[in-house]
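Reader: I am new to this structure and would like to understand the terms applied to it. Please set each value against its definition.

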Amino acid sequence: MNAADNVVKAPGLPVKPFVLKKERAAGKRKTADTVFRRMLPYLMILPAMLIFTVFVIYPVFYMLYVSFFDWNMIADMEFLGLKNYVDMFRDKEFWLVLGNTFRFMLMMVPAAILLSLAIALYLKSNTRINRILQNVMFMPNIVSLVSISFIWMWMMDEDRGLFNFVLGLFGADPVNWLGDPKVAMLSLVIVNVWKSLGYYVLIFVAALQGIPGYLYEAAALDRAKPVSTFFRITLPMLSPTLFFLILTGIIGSFKTFECVSLMTGGGPADSTNTMVFELYQQGFVYYHTGYASAMGVVLMLIVGLMTLIYFSVLQKKVHYQ
């Protein structure tokens, strides 16, 4: 009980003005503290939101704006309306590039997921040798893809490459890994799978080690076979991890650029030309900035639509417990 309560409750005594002022000041401080506590989380994320707005939100809306113009980044903009989009959908090159991108995604993501899951099942035991192998496998993920591309270009060289040297030891004919339209896309898939393998394995190993052991003990008591145990226990418990890795793999495969630019340049015969590389060519080689922006908008919509479909179809199949 404070002094103000004593003054108010005393019968027949007038309330002093300084007591009322003190109560009002305390109420204002309490209101200010409440407002500050409510605003503190937003103030904490304000720097990150400013950076996100400047480097993500604003470029997206500016790309959408530029897609309606003819612009070479030097002369004045000329408004075209939807012409860039109409020309893009009428261009056979666009559909070829889009098909190459989907083909790369359908080859790369399943191969990376299945191979990394198989390796993770072998390395899931928390032993010293397994921890060393996990670290070794993760090393390619921290190396620049530019450096990796140059190394693999040497190994895939038709005349002096390591791959053809090994094939020659078995009497096989040399393969033009980066110059044959039938093999070039597979070569890029091999490079990207090799680079991402360590990251996927590490995530899978962590998920496997987090599965409760009593589930496997119960399966052993029921005399469940290893295949049945995998599909009825391991795979359902890995569904959140699979959900995350497949989604990020799909998005990452649509953004592939470095290995295409350095190793094949989109060739041969545009067999490895992907959306991001074609967007770069249109915007920074041919200076068709409006057309490139339209391609960027379409790519963003495709990735967003695929993500929405992926969530709506597979989210209910994920087991979190």
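Author: A residue is called buried under 20% relative accessible area, exposed over 50%, and partly exposed in between, with a 1.4 Å probe and protein chains only. This is a predicted model, in which local features need pLDDT of at least 70 and side-chain atom pairs count only at pLDDT 80 or more, while totals for chains, interfaces and linings use all residues. Residues are numbered from 1 along each chain as its sequence is written, and side-chain values use heavy atoms, with hydrogens and water left out.

Reader: Why is leucine 133 called partly exposed?

Author: Its relative accessible area is 33%, and values between 20% and 50% bear that name; leucine 133 is therefore partly exposed. The residue lies in helix H5, residues 128-142. Helices are DSSP runs of H or I with at least four residues, strands are runs of E with at least two, and both are numbered from the N terminus. The protein has 14 helices and two strands.

Reader: What makes asparagine 84 buried?

Author: Asparagine 84 has a relative accessible area of 6%, and the limit for buried is under 20%, so the term applies. Asparagine 84 belongs to helix H3. Leaving aside residues up to four places away in sequence, asparagine 84 touches Ser67, Phe68, Phe69, Gly290, Tyr291 and Ala294; contact means heavy atoms within 4.5 Å.

Reader: How do you know that the buried residues of H3 line one face of the helix?

Author: The buried residues of H3 (residues 83-90) are Asn84, Tyr85 and Met88. Seen down the helix axis, they fall within an arc of 95 degrees, and therefore they line one face. The arc is taken from the directions that lead from the helix axis to the C-beta atoms.

Reader: What makes the pair of lysine 83 and aspartate 87 a salt bridge?

Author: A salt bridge requires a side-chain nitrogen of Lys or Arg within 4 Å of a carboxyl oxygen of Asp or Glu. The closest N and O atoms of lysine 83 and aspartate 87 are 2.7 Å apart, so the pair meets the definition. The structure holds one salt bridge. The two residues are four apart in H3, and therefore about one helical turn separates them. Lysine 83 is partly exposed at 44% relative accessibility, as is aspartate 87 at 31%.

Reader: What makes a set of residues a nonpolar core?

Author: Such a core is a set of buried Ala, Val, Leu, Ile, Met, Phe, Trp, Tyr and Cys residues joined through side-chain atoms within 4.5 Å. The largest one has 59 residues, and Met88, Phe204 and Met263 have the most contacts inside it. Helices that each supply at least two residues of this core include H3, H8 (184-209) and H12 (258-264).

Reader: How confident is the predictor in this protein?

Author: The mean pLDDT is 86, and 90% of the residues reach 70 or more; pLDDT is the predictor's confidence in each residue, from 0 to 100. Over residues 1-10 the pLDDT is below 50.
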